[in-house]
Amino acid sequence: MKISLVYQGENPCHLKTFLRQQGISRGLLAKIRHEGGAIDVDGTSGRKLDMIFPNAVVTLTMPPENTIASTRTAALSLTRIIVCAIILRIIIGFIASGNNE
């Protein structure tokens with residue numbers, strides 16, 4: 001999904017200031033940037049510290065919805081693998097020490 005906003009101010013301002021004025025939080029901007037979305041100003045990639053000028057078109061491209069879920073699933077799978085490896089090391093250590101009575 002894409003959201004386009006037009007800066008209608010009279011003076012240049014930072015992109016982050018404009019987006020805050022539009023009700024877009026810092027956290028949402030971080031998710032957009034780090035989870036596969038994009039922030040474009042007049043068709044080119046923009047950073048939150050960039051200056052925008054009157055009539056600039058700011059386009060926010062939202063990341064795919066499944067990105068967040070797949071990241072969580074991958075983290076959960078990795079956690080399970082680590083826990084299983086730890087348990088396996090404990091069992092092997094127990095057997096190797098000869099305390100298997």
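Predicted model: local features only at pLDDT ≥ 70, side-chain atom pairs only at ≥ 80, totals over all residues.
How many bridges join strand E3 to strand E6, and which way do the two strands run? Hold that thought.

Now the reply. Strand E3 covers residues 38-41, and strand E6 covers residues 57-61. Four bridges join them, and the strands run antiparallel. Take one residue as an example. Asp-40 has Thr-59 as its bridge partner in E6.

Let's step back to the sheet. It is open, and four strands form it. Read the order as E1-E6-E3-E4. The pairing is antiparallel. Why does one side of E1 and of E4 lack a neighbour in the sheet? Strand E1 (2-6) and strand E4 (44-45) stand at the edges. Each has a single partner strand, so one side of each is left without a neighbour. As background, strands of a sheet pair through backbone hydrogen bonds, and they do so either parallel or antiparallel.

Which residues does Ser-4 contact, leaving aside neighbours within four places in sequence? They are Val-57, Val-58 and Thr-59.

On to the helices. H2 lies across E3 and E6. It runs at about 100° to E3.

Then the rings. The structure holds one aromatic pair. The rings belong to Tyr-7 and Phe-18, with centres 5.4 Å apart. Their planes are at 75°; over 60 degrees counts as edge-to-face, so this pair is edge-to-face. Where are the two residues? Tyr-7 lies in the loop between E1 and strand E2 (13-14), and Phe-18 lies in helix H1. So the pair ties together parts that are eleven residues apart in sequence.

Last topic: empty space. Rolling a probe the size of a water molecule over the atoms shows where such space is left. Here there is one cavity of 30 Å³ or more. The largest cavity holds about 30 Å³ of space. Which residues line the largest cavity? Lys-16, Arg-20, Arg-26, Leu-29 and Lys-48 do. Four of the lining residues are charged, one is nonpolar and none is polar. Helix H1 (15-21) and helix H2 (26-34) each supply at least two residues of that lining.

Methods: Residues numbered from 1 in each chain as written. Heavy atoms only, no water. 1 Å grid on protein atoms, 1.4 Å probe; cavity = no way out; pocket = protein on both sides within 12 Å on 5 of 7 lines; lining within 4 Å. Points joined across faces, edges and corners; volume = space filled by probe spheres on them. Nonpolar A, V, L, I, M, F, W, Y, C, P; charged D, E, K, R; others polar. Pairing = 2+ DSSP bridges. Contact = heavy atoms within 4.5 Å. Axes fitted to C-alpha atoms, helices over the stretch in contact; angles between N-to-C directions. Phe/Tyr/Trp six-rings, centres within 6.5 Å; stacked < 30°, edge-to-face > 60°.
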